[in-house]
Amino acid sequence: MLWSLLKILFFVILVAALAYGAGILMETGPGLRVAVADMEFVLGPLQAVILALLTVVGVWLLLRVAGFLVALVRFLNGDETAISRYFSRSRERRGFQALADGMLALASGEARLAMSNAAKAERFLRRPDLTNLLSAQAAEMLGDKGRARDIYKKLLGDDRTRFVGVRGLMKQKLAEGDTETAIKLAEKAFVLKPRHAETQTTLLQLQANAEDWKGARKTLNAKLRHGNIPRDLHRRRDAVLAVCEARDLMVDGDEPRARDLSIEANKLSPDLVPAAVMAARAYHAQGREKQAVRVLRRAWEAQPHPDIAAAFAELVPDETPQDRILRFGQLTDVRPDDPETRMLTAELAIAAEDFPAARKALGDLVDTAPTVRALTLMAAVERGLGSDDEVVRGFLAKALGAPRGPQWVCDSCATVQPAWAPVCGHCGGFDTLAWKPAPANQAALAGASNMLPLLVGGGLEKSVE
């Protein structure tokens with residue numbers, strides 16, 4: 001409203017100024033005298049203004065004629081497009097102005113205006129490679145997916161715009177949930193532009209979701225080759241994919257190849273828990289016990305985890321509880337103050353019915369880090385030491401509402417997963433699971449990592465009974 005009032009006010013002021021100027025010209029003296037040869041002309045003020053305007057128009061026409069003559073000379077000298085370029089310059093200026101206005105409208109969220117300017121630009125420029133993309137994006141903003149799809153298909157016919165068309169169709173299929181078609185389009189886009197970082201990332205994600213581990217490793221290597229991923233992150237994710245490929249080979253019965261891949265994954269990322277566990281089992285199957293112990297110790301040093309302890313127990317499955325305590329010293333002497341190490345030591349002691357040693361191992365853990373597992377272990381210790389039922393029940397009651405401790409949590413959506421996986425089961429993120437405490441609002445999930453006593457022969461269950 002204010003802008004409209006300002007425009008009206010400006011128009012009134014302009015008309016008043018022109019009327020005032022015309023009045024002054026009419027009241028001036030004899031005007032302008034022009035002498036040409038022996039002739040003299042006397043022009044009134046209004047006639048002088050008209051002559052000035054005619055002079056400006058004449059100069060403009062002269063320049064236009066001169067430009068045309070230059071184009072004609074170039075045409076006669078062999079430049080076949082000189083005359084057509086001369087007449088098309090104005091159209092090009094108007095076309096590119098419409099294209100610029102359309103891009104600004106699209107950025108401002110004015111989809112209909114962008115569509116109108118795209119059509120206008122196409123009339124002047126006749127460059128569908130420039131205007132179709134603008135039209136497609138405007139159609140998508142308006143929700144007209146059918147029209148956008150038709151435009152993207154038109155882009156496929158031109159080598160210059162084929163990648164844009166494939167990428168546009170791929171995004172539409174992703175939005176529709178048609179991942180099977182999307183992955184084919186992503187592969188085609190990758191062939192057209194193997195250096196394109198966004199296409200590499202999309203293809204890698206789709207291949208991981210489809211469990212195409214070999215294809216995902218090739219895409220990941222392309223990302224590294226073209227400098228679109230740091231080397232350390234590449235090694236980590238290549239290890240993740242190698243672990244998954246090894247799992248599938250194990251299911252298919254190709255155990256030798258699966259073992260080799262497990263060891264390769266562990267070398268790529270020694271702190272990746274699933275890779276360390278699988279590599280230790282591979283070394284154990286090959287009779288290379290020292291390498292298996294070394295792998296698990298190194299992984300425990302990076303991050304103590306119940307699955308590592310379970311794999312360490314598998315190396316000698318039939319040992320006595322006392323022998324197990326002695327052998328596990330190779331593991332528990334690494335990061336002895338870590339809560340996971342202290343709980344593992346307590347579980348081993350409970351299995352050997354050495355309840356004072358178990359209490360000593362737990363120490364003040366039930367006060368400083370009261371998790372379900374720590375409190376349950378303390379209840380078993382108290383039962384083993386002959387404490388009153390009220391004491392045992394007190395620790396078990398506290399365990400009911402205590403945190404679960406570290407779990408596999410997605411860094412993207414903060415959802416707790418029951419076991420490690422390469423892809424988050426909730427948000428679909430690739431390599432986003434981390435072993436850490438879950439958010440307070442996450443429900444507790446049961447899993448192998450919650451109650452490790454199963455690994456040492458069920459000592460806790462027997463003690464609680």
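This is a predicted model: local features need pLDDT of at least 70, side-chain atom pairs count only at pLDDT 80 or more; totals for chains, interfaces and linings use all residues.

Mentor: Residues are numbered from 1 along each chain as its sequence is written, and side-chain values use heavy atoms, with hydrogens and water left out.

Trainee: Which strands stand at the edges of the open sheet of 3 strands?

Mentor: Helices (H or I, at least four residues) and strands (E, at least two) are DSSP runs, numbered from the N terminus, and two strands pair if DSSP finds at least two bridges between them. The order in this open sheet is 4-3-5, with antiparallel pairing. One side of each edge strand is left without a neighbour in the sheet because each has a single partner strand; the edges are strand 4 (416-417) and strand 5.

Trainee: What is the bridge partner of Trp408 in strand 5?

Mentor: Trp408 lies in strand 3 (residues 406-410), which pairs with strand 5 in the antiparallel sense over 5 bridges. In that pairing Val409 stands opposite Ala434. On the strand 4 side, where 2 bridges join the strands, the bridge partner of Trp408 is Gln417. In strand 5, the partner of Trp408 is Trp435.

Trainee: Which residue in the turn between strand 3 and strand 4 has a positive phi?

Mentor: Strand 3 and strand 4 run antiparallel and form a hairpin with 5 residues between them. A positive phi of about 60° belongs to Ala414.

Trainee: How many aromatic pairs does a search of the whole structure find?

Mentor: Rings of Phe, Tyr and Trp (its six-membered ring) pair if their centres lie within 6.5 Å; planes under 30 degrees apart count as stacked, over 60 as edge-to-face and the rest as tilted. The search of the whole structure gives a total of 2.

Trainee: What is the arrangement of the rings of Phe312 and Phe328?

Mentor: Phe312 in helix 15 (residues 306-314) and Phe328 in helix 16 (residues 321-332) are 16 residues apart. Both are buried (under 20% relative accessible area, with exposed over 50% and partly exposed in between; 1.4 Å probe, protein chains only), with 0% for Phe312 and 0% for Phe328. Their ring centres are 4.9 Å apart and their planes stand at 75°, so the pair is edge-to-face.

Trainee: What is the angle between the ring planes of Trp408 and Trp435?

Mentor: Trp408 is buried at 8% relative accessibility, and Trp435 is buried at 11%. With ring centres 5.3 Å apart, the pair is edge-to-face because the planes stand at 65°.

Trainee: Is Ser116 in helix 4 buried, partly exposed or exposed?

Mentor: The buried residues of helix 4 include Met115 and Asn117. Ser116 has a relative accessible area of 45%, so Ser116 is partly exposed.

Trainee: Which residues make the nonpolar surface patch of about 310 Å²?

Mentor: Trp60 lies in helix 2 (residues 45-76) and counts as exposed at 51% relative accessibility. The patch, of about 310 Å², is made by Val57, Trp60 and Leu61.

Key. Patches are made of residues with over 30% relative accessible area and no salt bridge: like charges are joined within 9 Å, nonpolar side chains (Val, Leu, Ile, Met, Phe, Trp, Tyr) within 5 Å. Accessible areas come from the Shrake-Rupley method with a 1.4 Å probe; for residues, only the protein chains shown count as cover. A salt bridge is a side-chain nitrogen of Lys or Arg within 4 Å of a carboxyl oxygen of Asp or Glu.
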